[in-house]
Amino acid sequence: MVKRTGPPTLDRRTLLRAGLAGGAGLGIGALGACAAPGSTTAAELAFWHLMGGGDGIRMDEILHEMAGELSGARIKQTVLAWGTPYYTKLAMASAGGRAPDLAVVHLSRLAGYAPGGLLDEWDIARFEPYGVSEETFAAPIFERMQVDGKLFAISLDSHAFVRFFNPDVADAAGLLDADGTIPAASDVEEFVDQARAMADVTGDLGICYGWLGDSAHMWRLFWTFYTQQGATMEMADGVFQFSEDAFVGALDTIIAIISSDAANRRSDGGFAFSTFTSGGAGEFLSGVWDVPGLLDSGVPLDASPIPNLFGTGLDAVWGDSHAFVLPHQDRPDEDRREKVYEAVSLILKHSLTWATAGHTPAYTPITLEPEFGGLMPNTHYAETAEYLHFDPAVSFAGSGSNWQAQFGQAVQAALLGTASTSDALTSFTEMTDDFVRQAVI
């Protein structure tokens, strides 16, 4: 176990307020280009989110579906570019008194926002008249919706990293069980052997994983294998702790897969997607948000969770969740806020539409509906909602964070075979030390 000292020294909200007062350096001009929530009427709820592409289309569909059910209010969407620009603008709006009524964040980013006073708490009891309660969420998701025992987020979904496969190729390779499922390999050798059997069928590759130049994808598979070993990363009393052995074990496992004769070691996302959808590979490791594109391609498609390759018996995969938050308002209008509770409840109840994007609805009554059971391959990985592992709950981690981006820079050379896993460990440790020293609480 490695321990790194470097106590956080700044309060996020104080820092942002100081930046707003000074103006320069925090992009006031950029924020000024966004919608001004304070200018909306009492019946118009300002809703900021980061959902573009297919996700944005589906969110728009949901808001239209529920429009007639939300009496006395309507929702005005503002869609912002995902990643650092979105999170910076949301933090500035909350600190500067320009907060929208409702926003979306990734649960993995919650630790960087809730403790600094940028978000207001939800009251789960206020959801009860609308049929939403703690019991309507999977346990690990409800747990991550809280910070220090306070509820700061309401999850819309879970989205995990999974193993897609071509059932026709897998069947021809003799891999499928009688029920049509692919068996879970017990170690990396067996996993690679399955890929080799599929490569014999395709005449090309057995497995595709598009990681080159994509820090997020590097992190997602690494975190899957790291947590399958029972390891954690956490801050304890100002000290960041992680397992060096699990770090090396996870990275060596990825290298064993991508450097095998069943894979292409230098594969980016476009190559991996096109190779799988053209029948050039039997398996494809990616996120569930690829489901719409994969179905549109017409490739025979099924999926399963990524199996545990370490013999620990732990079900563990990387995952995250889009979640609703209340950006801080000094004096919220309670009638207006009540409409926000009602609106979020309605979105959750219409999240079967959201599931068609590949996501698993966090509102569990939806996953029990026959219509959800008919969604393929969604139902074959929906179980991951019960054991997905979010990014470390530290202020600098999470989807779209600079820490995640620099993780990719630390490990890419090792994945390419031009540096060792020991070199990657050293780079990761040094760059994480920098983040710990500069951490904002």
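User: Leaving aside neighbours within four places in sequence, which residues is Gln228 in contact with?
Analyst: Gln228 is in contact with Ile306, Pro307, Asn308, Leu309, Phe310, Thr312, Leu314 and Ala316. Contact means heavy atoms within 4.5 Å. A word on the source: this is a predicted model, where local features need pLDDT of at least 70 and side-chain atom pairs count only at pLDDT 80 or more, while totals for chains, interfaces and linings use all residues. Residues are numbered from 1 along each chain as its sequence is written, and side-chain values use heavy atoms, with hydrogens and water left out.

User: Where is Gln228, and is it buried or exposed?
Analyst: Gln228 is in helix α8, and it counts as buried because its relative accessibility is 0%. Buried means under 20% relative accessible area, exposed over 50%, and partly exposed in between (1.4 Å probe, protein chains only). Helices here are DSSP runs (H or I, at least four residues), as are strands (E, at least two), numbered from the N terminus.

User: What does the side chain of Gln228 reach?
Analyst: It reaches the backbone oxygen of Ala316, at 3.2 Å.

User: Okay, new topic. What pLDDT does the chain average?
Analyst: The average is 89, and 90% of the residues score at least 70. pLDDT is the predictor's confidence in each residue, from 0 to 100. Over residues 1-42, though, the pLDDT is below 50; this stretch has 86 contacts in the model beyond near neighbours in sequence.

User: Which domains does the chain have?
Analyst: The assignment gives domain 1 (43-156 + 321-368) and domain 2 (160-319 + 391-440). Such bounds come from an automatic or database domain assignment. The centres of the two domains, taken over C-alpha atoms, are 29 Å apart. Their contact takes 14 residues from domain 1 and 15 residues from domain 2.

User: And the largest nonpolar core, how many residues has it?
Analyst: That core has 80 residues, and Leu110, Trp122, Ile154 and Phe324 have the most contacts inside it. A nonpolar core is a set of buried Ala, Val, Leu, Ile, Met, Phe, Trp, Tyr and Cys residues joined through side-chain atoms within 4.5 Å. Helix α12 gives the most to this core, with 7 residues. Domain 1 and domain 2 both give residues to the core, so it lies between them. A second, separate core has 51 residues, including Val188, Phe222, Ile258 and Ala410.

User: Switching to α9: what covers its buried residues?
Analyst: The cover includes α7 (188-202), β10 (207-209), α8 (215-228), β12 (239-242), α16 (402-416) and α17 (421-437). Among the buried residues of α9 are Phe247, Leu251 and Ile258.

User: Which residue caps the N-terminal end of α9?
Analyst: Ser243 does, with a side-chain oxygen 3.4 Å from the backbone nitrogen of Asp245.

User: Last one: which residues of α10 are buried?
Analyst: In α10 (residues 269-277), they are Ala272, Thr275, Phe276 and Thr277. They pack against β9 (157-165), β10, β13 (283-287) and α11 (291-297). After α10 comes Gly279, with a positive phi near 85°.

Note on methods:
Polar contact = N/O pair within 3.5 Å; in protein donor to acceptor, adjacent residues only side chain to side chain.
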